[in-house]
Amino acid sequence: MELLKSNKGNDKIALDGYTYTIKKTCQSIIRWKCSKKSSMKCPAILITDLKMTKIVRFEEEHCHSANKGAIGAMKIKQKIKECSLQTCNNPGQIFAQAVQSVPKEVLIELPSEDSIKRSIRNQRSSLNPKIPNSLQELVIEGNLHYLLL
């Protein structure tokens with residue numbers, strides 16, 4: 001059982017080629033639904049303890065096959081996202097480092113190189129401050145005592 005982050009930053013569990021997202025948190029357990037619940041109407045449910053360390057039980061069976069390559073691709077995308085925020089390397093370098101020695105079944109599941117590079121640029125641009133529309137919206141932070149007017 002491996003804990004990952006979804007595209008929206010929520011917890012996601014990868015287990016035996018399937019992924020699960022949180023459905024409901026109760027007093028002593030967490031109910032997880034298959035991440036293919038919407039797209040494939042998969043009824044599978046995983047129940048864990050609150051610490052997400054122990055599987056309590058499974059409910060229902062999956063109506064689709066496991067895809068370990070998709071989980072590997074999810075891990076690589078997460079690694080690329082983290083790397084894009086921690087380094088100043090260009091998107092091409094980050095992509096090349098991330099896919100180095102990756103199995104073929106994982107590469108097949110990854111989006112195109114251009115799509116990943118665009119995601120890296122978008123990830124970085126989200127860190128930039130909002131462009132003000134007027135002087136009232138302009139915020140200048142820091143100590144400006146050294147400026148002469």
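The model is a predicted one, in which local features need pLDDT of at least 70 and side-chain atom pairs count only at pLDDT 80 or more, whereas totals for chains, interfaces and linings use all residues. Residues are numbered from 1 along each chain as its sequence is written, and side-chain values use heavy atoms, with hydrogens and water left out.

Helices and strands are DSSP runs numbered from the N terminus, a helix being H or I with at least four residues and a strand being E with at least two. Axes are lines fitted to C-alpha atoms, for helices over the stretch in contact, and angles run from 0 to 180 degrees between N-to-C directions. The crossing of helix 2 and helix 5 is right-handed; a crossing has this hand if the near helix is turned clockwise from the far one by less than a right angle, and is left-handed if anticlockwise. Helix 2 contributes I80, K81, S84 and L85 to the contact, and helix 5 contributes I116, I120, Q123 and R124, where contact means heavy atoms within 4.5 Å. By class, these residues are four nonpolar, two polar and two charged. Ala, Val, Leu, Ile, Met, Phe, Trp, Tyr, Cys and Pro count as nonpolar, Asp, Glu, Lys and Arg as charged, and the others, Gly among them, as polar.

S84 is buried, with a relative accessible area of 2%; buried means under 20% relative accessible area, exposed over 50%, and partly exposed in between, with a 1.4 Å probe and protein chains only. When residues up to four places away in sequence are not counted, S84 touches I94, I120, Q123 and R124.

Helix 5 (residues 113-125) also meets helix 3 (residues 91-98), the axes coming within 9 Å and crossing at roughly 120°. Helix 3 and helix 5 are therefore oblique to each other. Here too the crossing is right-handed. On the helix 3 side the contact is made by P91, G92, I94 and F95, and on the helix 5 side by E113, I116, K117, I120, R121 and R124. Five of the residues in this contact are nonpolar, one is polar and four are charged.

The strands form a sheet. Strands of a sheet pair through backbone hydrogen bonds, either parallel or antiparallel. Six strands make up an open sheet in the order 1-2-3-4-5-6, with antiparallel pairing; two strands pair if DSSP finds at least two bridges between them. Strand 1 (2-5) and strand 6 are the edge strands, each pairing on one side only. On average, neighbouring strands of this sheet are turned by 35° against each other, direction ignored. Helix 2 (residues 68-86) lies across strand 1, strand 2 (11-15) and strand 3 (18-25), and runs at about 55° to strand 1.

Within the sheet, strand 5 (residues 45-49) is largely enclosed by the rest of the structure, because five of its five residues are buried. Strand 5 pairs with strand 4 (residues 29-34) in the antiparallel sense over five bridges, and D49 in strand 5 is the bridge partner of I29. Four bridges join strand 5 to strand 6 (residues 55-59), and these two strands run antiparallel. In strand 6, F58 is the bridge partner of L46, and E59 is that of I45. Strand 5 and strand 6 form a hairpin with five residues between them, and M52 in the turn has a positive phi of about 60°.

Positive phi values also occur in two loops. D16 lies in the loop between strand 2 and strand 3, and its phi is near 55°, a positive value in a residue other than glycine. With a relative accessibility of 55%, D16 counts as exposed. E60 lies in the loop between strand 6 and helix 2. The phi of E60 is positive, at about 70°, although E60 is not a glycine. E60 counts as exposed at 56% relative accessibility.

Methods: Parallel < 35°, antiparallel > 145°, perpendicular 65-115°, else oblique.
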